[in-house]
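I opened this notebook to record what I looked up, entry by entry.

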Amino acid sequence: MMALRLLFVAGFHILFTLTAEAGFDFIGYEANPIDLSTASRNVISYQFSAEFRSACTTGCTGPQNYRLAFSDHSIGKGSGSAPPISEGKLGQLIKGKVRFSTTGDGTSSQSKRFSPGNWSGEIRLRYSNSATATFSLRLQKKALQALLDSGQNALQFYLAGEDVESAHYYDTLAINIPLRGQESVQITRLKDITLNGANLSGTYLDASITACVYSSTGNIRLDMDGANVPGQPFQLSRTSRCDSPGHCVPYIVRIKTPHHPSWVEYRQKGDQQTRWEASQDEHCHQVDNITFQVRITGQSLQGIAAGRYQDTLTITVTPS
């Protein structure tokens, strides 16, 4: 008898690898504007807060220790040891050390301070995977004003954070703190406007000039008042007042800009509430950005005596 022997061999390996995985992630921040126009001291005390997460999610549990820093450039987001940070111009803006308080730990305040471009001490996060840090810093008013004067409307730098346990992770948060200064306006390159009655041809006699109007806010409102009859419709006069028939000629002022190319007419003080766009460069980049035109109707010139008629127009510019 032949026996049939069946041999079945099956083998397999089970491979299981456990890798500890942690992470450090910024969630967001809150920063109120700094109003330089109301700051009475040369050094401004300021606070802002940032929320973040430092936790182990795989192969370990619980919060991870971390450290924080200010840098003038971003170090991005990644794993491994964090790239170098730097102070840059932050040392000119921030006076002394930055101090901060945090939630979710019992670490001494001695570890919660740093100079810009340097890391804080290690913070032992114990009670939660996320935390909020409130930073207290002293800012140099002159340096902030220099930023505003150069056209920068915010203090910008980077908050860096790093998980400093066995698996290193780091993240960067861009901080933008709005700066507000004294609102300012000016109008330059104004000239006298001259009209010659002999040039009347048709319904109107008019002449125009251009000027440069600047506003730190980028927008303005205009109001005008004539000296001959303040608060009343504009009048040209032979006698600096309008107290006799035939001595005055009514006129209107028309205005337009490249962003508002249709003429807007002003006939007396308080006549218009138009919001005009202005340059945020004090010299308008050497290109005038507003046109003023004085217009007289031909009918107003009929029957008046020959002579020199004039008025002084006061233009009031306010930021908007």
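I then looked at the pairing, where strand β16 (residues 252-257) and strand β17 (residues 260-266) run antiparallel and are joined by four bridges, two strands being paired if DSSP finds at least two bridges between them. For Val253, I found that the bridge partner in β17 is Tyr266.

Before going further I noted that this is a predicted model, in which local features need pLDDT of at least 70 and side-chain atom pairs count only at pLDDT 80 or more, whereas totals for chains, interfaces and linings use all residues. I also noted that residues are numbered from 1 along each chain as its sequence is written, and that side-chain values use heavy atoms, with hydrogens and water left out.

Next I traced an open sheet of three strands, whose order is β18-β13-β20 and whose pairing is antiparallel. Its edge strands are β18 (275-277) and β20 (313-319), each of which pairs on one side only. Neighbouring strands of this sheet are turned by 40 degrees against each other on average, direction ignored, with axes taken as lines fitted to C-alpha atoms and angles between N-to-C directions running from 0 to 180 degrees. Between strand β13 (residues 219-226) and β18 I found three bridges in the antiparallel sense, and Ile220 stands opposite Trp276 in β18.

I then searched the whole structure for disulfides, meaning pairs of cysteine sulfur atoms within 2.5 Å, and the search finds one. Cys212 and Cys284 form this disulfide, with their sulfur atoms 2.1 Å apart. The pair links distant parts of the chain, since Cys212 lies in strand β12 (residues 204-215) and Cys284 in the loop between β18 and β19 (290-297), 72 residues apart. The torsion about the S-S bond of Cys212 and Cys284 is about 85 degrees, so the disulfide is right-handed. Cys212 counts as buried because its relative accessibility is 0%, buried meaning under 20% relative accessible area with a 1.4 Å probe and protein chains only. Cys284 is buried as well, at a relative accessible area of 4%.

Last, I recorded the totals: the protein chain has two helices and 20 strands, and 37% of its 320 residues count as buried. Among contacts (heavy atoms within 4.5 Å) between residues at least 6 apart in sequence, 71% join residues at least 24 apart.

How values were computed. Buried means under 20% relative accessible area, exposed over 50%, partly exposed in between (1.4 Å probe, protein chains only).
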